[in-house]
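Let's take a friendly walk through the pockets of a protein model.

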Amino acid sequence: MDLERVDQIIDKHQGEASSLIQVLLDIQSENHWLPRDALERVGRKLNVPYTRIHHIATFYKAFSLVPKGRHEVHICMGTACHVRGAARVLDTVRDATGIKPGETDLDLKFSLETVNCLGCCALGPVMEINGTTHGNMTPGQTAEVLKQYE
Amino acid sequence: MNEMRLTIDGREVTATEGMTVLEAARSAGIFIPTLCYHEKLEPYGGCRLCMVEAETRGRTSLVAACVYPAVDGLLVRTRSEKLDRIRKTILELLLAHAPESPVLLDLAAEYGAEVNRFEHQASFCIHCGLCVRYCAEVKQKHAVGFVDRGIRKEICFIPEIAAKECPDCQACFPLCPTSYLQSVYVLTEALAFPASAEAGKA
């Protein structure tokens, strides 16, 4: 991510130190992760010490300090999804992508994450990719859905 | 300045507005144990060891003395069976992280806390935040900070800042109740700026 874009995002929030989290969220949603130089730029511009930014960036799960894949796969492990076979869906995704929850594959295609409830238990087991919900997944369907993403 | 009168352990204590219960007690020479309190720093309320019973209008509540503002007519008890039990448990939980800390062991002897009551978890840091806050508030270097949260929360030096500021400062070292800070620093030094450390010695 180029630093000019980071500057634009900071300017959009009027360079207020109180908008720190909003700025970080904007960078995260555009870039999918928070590079070190971007964080340092934010710190200098908003006049917030780097330790504080680092604390916040490691505190919230929404932020990532390591590169994420182009497609973020979230598998619901909530009670309803668990009972309806979320573990098998997860296994299928792990087999298809070769990564464990919390990891990103080498060509930055997928990042895999387990979540505790996506709030649509009637559709369980649920898999969410880039914010799109795929409900009532079977292992077979899961593999099919993954193939649609490049 | 508004003068306030409160009773701490049966003694009349006067306090001025803006003082905390802990400061009022200290000014009267009444001891309340603390780990995260430092007179130069903003109150943090992290260690909870300064827990006291505060009674207003007949209601007693348990409050952290270092962050609880002194109010007129407040009745404070700094030692009771209940408080001793609470402090003992807090100490036992902290000792699970730093079983060898001299500060903790002294307090443990005072309150009868058992070092081995809880399974030891070798984190050594008790999250008092003294180093982090001292570096930020007094030195304003922001060389050390917290990362992550909950059970994975730990302190971390920022190598670039630490290499520049820490070799000549190290004012946070004596503050640490467990010596964990020093080991984190040595690790950072070894990983990030070993050469400059050699130059400093020569």
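The second largest pocket holds about 340 Å³ of space. A pocket here is an open set of points on a 1 Å grid over the protein atoms alone where a 1.4 Å probe fits, with protein on both sides within 12 Å along at least five of seven lines, and lining residues have an atom within 4 Å of a point. The volume is the space filled by probe spheres set on the points, which are joined across faces, edges and corners. Its lining has 14 residues, with B:H97, B:S123, B:H127, B:G150 and B:I151 nearest the centre. Domain 2 (80–122) and domain 3 (130–201) of chain B each supply at least three residues to this lining; such bounds come from an automatic or database domain assignment.

This is a predicted model, in which local features need pLDDT of at least 70 and side-chain atom pairs count only at pLDDT 80 or more, while totals for chains, interfaces and linings use all residues. Residues are numbered from 1 along each chain as its sequence is written, and chains are lettered from A in the order in which they are written.

Now turn to chain A, where the assignment gives domain 1 (3–59) and domain 2 (71–147). Their C-alpha centres lie 30 Å apart. Where does the largest pocket lie? Both of these domains of chain A give residues to its lining, so the largest pocket lies between them. About 530 Å³ of space is found in the largest pocket. Of its 21 lining residues, A:K61, A:F63, A:S64, A:K68 and A:E113 are the closest to the centre.

Terms used. Heavy atoms only, no water.
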